[in-house]
Amino acid sequence: MIPFTFIALGLALAAGTCGAAPLVDVLDLPAARSELAVRSPLLDLAQAGSRLVAVGQRGHILYSDDQGRSWNQARVPVSSDLTAVHFPTPTQGWAVGHDGVVLHSDDGGASWVRQLDGRQIGRLVQDFYASRADAAQWLDEGRRLEQDGADKPFLDLWFSDERNGFVVGAFNLIFRTRDGGQSWEPWLDRTDNPSAYHLGAIASDGEGLYIAGEQGLLLRLDPTGERFTALASPYAGSYFGLVAEPGVLLVHGLRGHAYRSHDGGDSWSPVDTGLNASITASAKDGAGRLYLFSQTGQALVSADKGAHFQPLDLGQPVPVYGALVSADAGLLLAGARGVVLRPLAPAQQE
């Protein structure tokens with residue numbers, strides 16, 4: 001989850017576009033092919049085997065087979081802004097974004113198909129909860145979603161393999177698939193989120209699965225009960241990202257705030273980032289180092305699993321919305337002008 005997405009959502013609400021039919025429905029308009037796509041705003045990055053994949057505004061998806069030195073534009077069936085991408089295998093990947101869109105690729109990101117969008121979500125929710133006697137609240141929610149139309153974004157996603165995964169988004173939107181996206185199961189009633197805060201980030205440390213979101217929301221999956229239960233949060237402001245590594249969780253968000261847990265989220269310690277700007281992106285490398293990036297282009301690195309961070313000089317600061325560490329290329333930073341490459345010093349390489 002990033003502030004960029006929330007700004008875009010807020011502008012849509014202020015303009016009165018929610019629930020109104022657009023002149024051209026971006027869900028029916030394939031992403032335009034353009035040589036300028038490589039310099040357009042990009043919001044997230046993922047590794048698909050040796051390939052890199054980036055997603056961003058107007059349905060742009062780019063992929064690189066030379067560690068980010070050059071990019072090709074993928075075939076995408078929608079023009080919705082895309083917020084996050086994840087590949088659990090080198091070929092099978094998913095991307096999510098505005099208008100409730102979920103896309104799938106089976107060729108490493110070169111081409112995509114739509115699996116779900118906001119025009120379907122309301123009816124899907126109603127059909128799922130229709131047979132439950134105790135689900136009046138969720139039936140009402142389904143009707144509201146159907147009436148509002150495709151106006152709510154998904155903000156993040158996580159897949160354990162090519163069949164099992166979650167997509168999460170604004171106003172407690174959360175769906176699970178157990179068949180690679182052929183069908184989607186609403187989990188609106190399976191989160192301890194009575195205020196319907198935005199679900200902005202989802203990640204796994206290899207043992208547990210966690211969600212971070214608006215107003216300090218922190219959740220952890222109870223696999224036995226199949227429910228995301230609330231964790232005591234050390235902060236009442238919004239979280240924009242979540243890094244999960246074996247033995248450590250790190251959440252970050254507004255005004256430079258970051259917190260670290262070494263016990264699966266049962267307790268949290270503040271991290272001194274020295275930043276006042278919101279932390280909008282994070283990354284990890286194969287050597288266990290963690291990286292944080294602010295909306296003003298500041299960068300930090302930790303060599304002790306997030307206990308302490310040091311400034312990282314990347315030259316000219318650029319706002320960062322998504323980040324990835326490559327052993328060959330260094331840091332790849334997604335932002336307002338595409339992907340920027342920043343080499344790391346030898347001591348910082350994997």
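Reader: How much accessible surface does the protein chain have, and what share of it belongs to carbon and sulfur atoms?

Author: It comes to about 14600 Å², of which 50% belongs to carbon and sulfur atoms. Accessible areas come from the Shrake-Rupley method with a 1.4 Å probe, and for residues only the protein chains shown count as cover. Bear in mind that this is a predicted model, where local features need pLDDT of at least 70, side-chain atom pairs count only at pLDDT 80 or more, and totals for chains, interfaces and linings use all residues. Residues are numbered from 1 along each chain as its sequence is written, and side-chain values use heavy atoms, with hydrogens and water left out.

Reader: Why is A37 called buried?

Author: Buried means under 20% relative accessible area, exposed over 50%, and partly exposed in between (1.4 Å probe, protein chains only). A37 has 1% relative accessibility, so it counts as buried. A37 sits in the loop between helix 1 (3-14) and strand 1 (42-48); helices (H or I, at least four residues) and strands (E, at least two) are DSSP runs, numbered from the N terminus. Beyond its neighbours within four places in sequence, A37 is in contact with H60, L62 and Q73, where contact means heavy atoms within 4.5 Å.

Reader: And why is H308 called exposed?

Author: H308 has a relative accessible area of 53%, so it falls in the exposed class. You will find H308 in the loop between strand 23 (299-302) and strand 24 (310-311). Leaving aside neighbours within four places in sequence, H308 is in contact with V301, S302 and A303.

Reader: Which residues touch the most other members of the largest nonpolar core?

Author: They are V102, I121, F154, V167 and F175, in a core of 20 residues. A nonpolar core is a set of buried Ala, Val, Leu, Ile, Met, Phe, Trp, Tyr and Cys residues joined through side-chain atoms within 4.5 Å. Among the elements that give two or more residues to this core are helix 2 (118-129) and helix 3 (136-148). Apart from it lies another core, of 19 residues, including Y63 and W112.
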